[in-house]
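Here is a note for a colleague who is coming to this entry for the first time. It is meant to be read with the structure open alongside.

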Amino acid sequence: MKMRDVILFAIVAGLIIGTGFFQSWNSALLIVNMGLISAIMALGVNIQWGYAGLFNVGVMGFVALGGLAAVLVSTPPTGEAWAAGGLRVILGLILGAATMVGAILMWSRMKPGRARGFAMFGVLALGFFIFRYVFDAGVAAIEAVDPAATGYLGGLNLPIMISWPVGGLLAAGAAWIIGKTALGLRSDYLAIATLGIAEIIIITLKNEDWLARGVKNVVGLDRPFVVPKEIDLQNSPSFVESAAGFGMDATMASTLYVKGMYALLFTVVLLILLWLAQTAWNSPWGRMLRAIRDNEVAAEAMGKDVTRRHLQVFILGSAVCGMAGAMMTTLDGQLTPGTYQPLRYTFLIWVMVIVGGSGNNFGAVLGGFLIWFLWVQVEPMGLFLMNVITAGMADGSALKEHLLDSAAHMRLLTMGLVLLLVLRFSPRGLIPER
Amino acid sequence: MSEPFLIGDTMSGGYGSGPDILHDCTIAVNEGEIAVIVGPNGAGKSTAMKAVFGMLDVRQGAVRLNGEDITKLTPQARVAKGMAFVPQTSNIFTTMTVEENLEMGAFLRRDDIQKTIEQVFDLFPILREKRGQAAGELSGGQRQQVAVGRALMTQPKVLMLDEPTAGVSPIVMDELFDRIIEVARTGISILMVEQNARQALEIADKGYVLVQGRNRFTDTGQALLNDPEVRKSFLGG
Amino acid sequence: MDFLNAIVALANFVLIPGIAYGAQLALGALGVTLIYGILRFSNFAHGDTMAIGTMFVILITWWFQSLGISFGPLPTALLALPFGIVLTGLVLLSTDKVVYSFYRKTRVKPVVLVMVSLGVMFIMNGLTRFIIGPGDQRFADGERFIISARDFKAMTGLKEGLAIKSTQGITVITAIIVVAVLFWFLNKTRTGKSMRAFSDNEDLALLSGINPERVVMYTWLIVAALATIAGTLYGLDKSFKPFTYFQLLLPIFAAAIVGGLGNPLGAIAGGFLIAFSEVTVTYAWKKVANYALPESIAPDGLAQLLSTDYKLAVSFVILIIVLLFKPTGLFKGQSV
């Protein structure tokens with residue numbers, strides 16, 4: 001890193017510390033934690049965009065899959081639901097998958113022609129009805145089991161930190177399917193396909209209650225074993241005593257302690273991923289990817305399998321995003337499919353990468369922190385601005401109400417503006433590729 | 001001798017900020033005459049023509065049309081001045097009909113273009129038959145005719161052709177050359193780059209042999225054909 | 001009789017909504033395909049262009065309504081439409097001037113333009129929500145039905161009713177007019193032909209003296225008209241909500257790609273293909289099946305292939321199939 005980069009990181013650190021002094025240390029730590037997760041997501045996007053020039057507009061979907069992993073790994077299984085329809089659902093899913101595999105196999109075995117088309121359609125249609133017949137009854141049975149509290153299969157009751165790599169795997173699987181179809185075509189098609197899969201993943205999470213309770217949300221997820229519960233800390237005399245030693249009351253100290261532990265955990269993950277990403281960047285593999293990115297035709301002429309390399313890097317980047325998604329759900333302690341919006345989970349990450357410096361891992365990390373800080377602070381600033389603008393207006397006037405309500409949409413505008421300005425005037429970002 | 005109608009006078013230059021490809025290269029054509037640029041591969045033939053048409057930076061020297069300095073004009077502005085250019089590849093609108101191709105050639109004209117279309121059809125009768133067909137569906141030779149026809153639609157004073165016979169059969173090539181002579185007889189100057197040096201020089205009033213971006217030989221077409229050195233080095237004996 | 005009832009039910013719930021929705025998608029896909037053909041990038045801001053155009057129309061409609069101006073049995077929005085188109089055109093032209101023209105001059109890779117359009121999308125999205133709010137807006141007025149279900153039943157004596165909403169009729173008629181005008185423009189006028197020439201072969205178009213900036217300007221104006229009309233028709237037929245319009249991006253892109261990006265005729269075919277697939281797959285066939293099939297084999301359940309929540313998945317699956325088997329689209333599109 002150059003001196004300039006160090007200064008940039010110091011400035012961002014200063015902004016967050018400033019938040020601690022002027023607002024609260026709780027807010028500052030919140031920004032740090034989400035900043036760490038954002039940095040990991042930005043790292044994942046940078047692996048795709050910076051290394052290989054792949055435009056993934058479906059980050060939200062991969063993040064949500066990570067969140068799903070957190071639920072599936074950590075929650076206790078719902079015994080009754082399993083008894084009611086668990087096997088049926090699993091069998092249905094297996095039948096569904098078998099139909100797809102069967103259709104694909106048949107497609108590759110049979111000779112091209114009309115017969116093949118009809119045969120494949122027949123297999124798919126028949127498979128679909130069998131799948132629905134087996135699957136639907138199971139779903140209904142599961143969702144009928146105490147819908148207010150469970151109504152879903154539950155998970156494996158394993159430590160939640162296992163879900164972080166599992167989230168990566170789930171995302172990698174989805175990325176494989178998308179990559180297989182859309183890579184090797186025009187770059188726009190990958191963008192459209194990823195945009196689509198992300199929306200569909202969210203719709204699925206919202207509607208398949210048997211899987212993770214849909215919009216009824218799964219709350220109260222476990223914490224990683226190193227992170228205690230606030231209430232336990234407050235009940236521990238030794239903790240209360242040492243908190244008092246710092247001049248803090250126990251409630252405050254316990255929330256700070258918990259957030260601090262999360263911050264430590266996430267920092268470790270970020271550092272490991274950053275080290276891996278840097279190693280990959282400087283390896284022959286990384287150089288080859290950049291060669292492909294800068295001149296696909298020449299690389300292809302030299303015998304490089306461009307589509308295969310793209311598939312690799314697309315899967316890797318998506319896996320990193322999935323991992324970050326699982327970590328985020330762990331931090332939140334709940335999975336709320338209704339809150340996943342493309343602006344927040346796809347577009348914001350892109351702004352982070354572009355502003356930080358595409359093609360530079362440190363840039364992506366810096367962007368992650370900086371843009372998250374702005375994201376958190378823009379809304380109060382927008383509200384403040386609106387308050388100033390509307391200060392002269394009569395209370396209760398329609399325009400004033402409208403403007404105050406609209407402050408929330410300032411984020412869309414600001415982020416769009418930031419992206420356009422950076423793309424136009426500083427397309428290489430704060431810490432450019434070297 | 002008075003100055004030729006179109007002259008690229010001692011031009012030096014190259015693409016963008018790249019190195020010079022042309023070195024003091026001079027290309028000129030008189031009114032109603034055919035000038036042909038020949039030379040080995042990579043001699044800068046097409047580059048010289050593109051320089052005359054304003055598609056690369058001419059750093060030294062000048063391009064003059066009818067005595068007027070047009071060195072700084074864009075290609076589009078040169079079209080308005082009466083120059084027309086037929087690129088070597090992608091020289092037709094493949095999804096549009098033959099007639100629409102011709103109309104697009106005349107895009108800058110505001111007067112009645114029907115007469116010019118008829119002239120083109122008289123020159124290339126096959127196009128009259130295929131007027132409603134998409135140009136992309138035509139054979140190679142017919143496509144070249146559409147391309148030349150499109151360029152003629154501006155009623156140019158100079159027609160510039162970049163290897164018009166690339167990839168067409170010898171019979172079609174002879175036919176195309178006949179047509180080009182016909183065009184020249186109507187008073188249009190023709191500047192042409194050709195791979196088939198011998199046939200091209202036979203119809204040329206003036207020939208330029210370029211080697212590595214420099215003029216090597218310049219003479220009438222016949223004189224070049226008869227020059228033993230030119231024959232030995234460039235015409236295969 | 002039951003057979004007639006089945007047909008009427010099919011027309012009522014599948015054919016008519018499918019045709020109306022297909023026309024709306026086709027108009028949207030035409031805009032996407034024109035931008036792709038001429039400006040050579042996938043415009044992610046198109047859904048939000050539709051939203052912002054519809055917003056203008058709604059605001060003007062409200063203003064007209066407050067002035068007491070109405071269009072008789074037709075929705076006031078149709079009167080407001082021309083004004084909405086002009087405003088949207090101004091927005092798009094200024095966006096082009098401020099944002100896109102720079103990238104045209106520097107000749108960046110198409111993917112950068114896609115990214116830029118994403119930025120534009122969020123600004124437009126933000127503006128729309130800022131001005132009219134994120135909620136649902138209804139602005140249809142005038143006659144609700146051309147034929148209501150009750151009238152139809154009284155007329156024919158059938159058990160099933162056939163309702164044709166006036167917004168559905170307006171959608172189809174407007175779409176036919178718009179498409180006819182658009183194709184006349186592209187195929188018969190000098191400017192339209194120059195746009196096709198530019199889309200076909202940009203360098204040769206330049207050599208022919210076609211002014212690229214003019215072509216681009218006309219493209220944006222036509223896109224503004226298409227997007228505003230498509231958005232308004234969709235809003236009249238269903239309702240206006242900014243997020244829904246963002247989500248329309250997927251079916252619209254699917255329609256444009258299925259038809260072959262850059263091919264206007266393909267965009268129309270794609271629009272209807274996507275719309276009918278979506279409606280057929282998410283329609284509960286119970287009613288039609290009960291009429292058409294003997295009682296013994298009629299289904300017990302809703303006979304719905306997929307719940308309506310998954311309608312986006314339909315366009316997505318079609319998109320994937322096309323990308324896998326025929327990436328240039330069913331009609332020949334511009335590139336792979």
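The numbered points below take up the chains and their contacts, then some of the elements within each chain.

1. Please keep in mind throughout that this is a predicted model. Every remark that follows describes what was computed from that predicted model.

2. Chain A and chain B, by contrast, do not touch, and their nearest C-alpha atoms are 19 Å apart.

3. Where chain B meets chain C, the contact takes 17 residues from chain B and 13 residues from chain C. Both α2 (75–80) and α3 (98–105) of chain B supply at least two residues each to the side of chain B that touches chain C. That side of chain B divides by class into 9 nonpolar, 6 polar and 2 charged residues.

4. Turning to chain A by itself, its secondary structure comes to 18 helices and 0 strands. The radius of gyration of chain A is 24 Å, close to the 22 Å that the globule rule gives for 434 residues, so chain A is as compact as a globular protein of that length. Along its principal axes, the C-alpha trace of chain A spans about 75 × 60 × 55 Å.

5. One helix pair in chain A deserves a careful look. Two packed helices are described by the angle between their axes and the distance between the axes. Helix α2 (residues 25–52) of chain A and helix α16 (residues 361–390) of chain A pack at an angle of about 135°, with their axes 7 Å apart. Because of that angle, α2(A) counts as oblique to α16(A), and the crossing of the two helices is right-handed. From α2(A) the contact includes A:Ile31, A:Met34, A:Gly35 and A:Ser38, while the residues of α16(A) that they meet include A:Phe369, A:Trp372, A:Phe373 and A:Val376. Taken by class, the residues of the contact of α2(A) with α16(A) are 11 nonpolar, 6 polar and no charged.

6. What do the helices and strands of chain B come to? The secondary structure of chain B comes to 10 helices and 10 strands. With 237 residues, a compact globule would have a radius of gyration near 18 Å, and the 17 Å of chain B agrees with this. The C-alpha trace of chain B spans about 45 × 40 × 35 Å along its principal axes.

7. Chain B holds an open sheet of 4 strands, in the order β2-β1-β4-β5, with antiparallel pairing. Its edge strands are β2 (22–29) and β5 (68–69) of chain B, each of which pairs on one side only. Strand β4 (residues 57–65) of chain B and β5(B) pair in the antiparallel sense over 2 bridges, and B:Leu65 stands opposite B:Glu68 in β5(B). Helix α1 (residues 45–53) of chain B packs on this sheet, where it touches β1 (6–14), β2 and β4 of chain B, and its direction makes about 70° with that of β2(B).

8. Further along chain B, strand β9 (residues 206–211) and strand β10 (residues 214–219) pair in the antiparallel sense over 5 bridges. B:Leu210 has B:Asn215 in β10(B) as its bridge partner. The two strands β9(B) and β10(B) form a hairpin with 2 residues between them, and B:Gln212 in the turn has a positive phi of about 50°.

9. In chain C, helix α10 (residues 242–259) and helix α13 (residues 311–325) pack at an angle of about 30°, with their axes 9 Å apart. That angle makes α10(C) roughly parallel to α13(C), and α10(C) passes α13(C) in a left-handed crossing. Among the residues that make the contact are C:Leu250, C:Ala254 and C:Ile257 of α10(C), together with C:Phe316, C:Leu319 and C:Val322 of α13(C). By class, this contact of α10(C) with α13(C) has 10 nonpolar, 2 polar and no charged residues.

Technical notes
Residues are numbered from 1 along each chain as its sequence is written. Chains are lettered from A and ligands numbered from 1 in the order in which they are written. This is a predicted model: local features need pLDDT of at least 70, side-chain atom pairs count only at pLDDT 80 or more; totals for chains, interfaces and linings use all residues. Two strands pair if DSSP finds at least two bridges between them. Axes are lines fitted to C-alpha atoms, for helices over the stretch in contact, and angles run from 0 to 180 degrees between N-to-C directions. Angles under 35 degrees count as roughly parallel, over 145 as roughly antiparallel, 65 to 115 as roughly perpendicular and the rest as oblique. A crossing is left-handed if the near helix is turned anticlockwise from the far one by less than a right angle, and right-handed if clockwise. Two residues are in contact if their C-beta atoms, placed from the backbone, lie within 7 Å. Ala, Val, Leu, Ile, Met, Phe, Trp, Tyr, Cys and Pro count as nonpolar, Asp, Glu, Lys and Arg as charged, and the others, Gly among them, as polar. The radius of gyration is taken over C-alpha atoms; the globule rule is 2.2 Å times the number of residues to the power 0.38.
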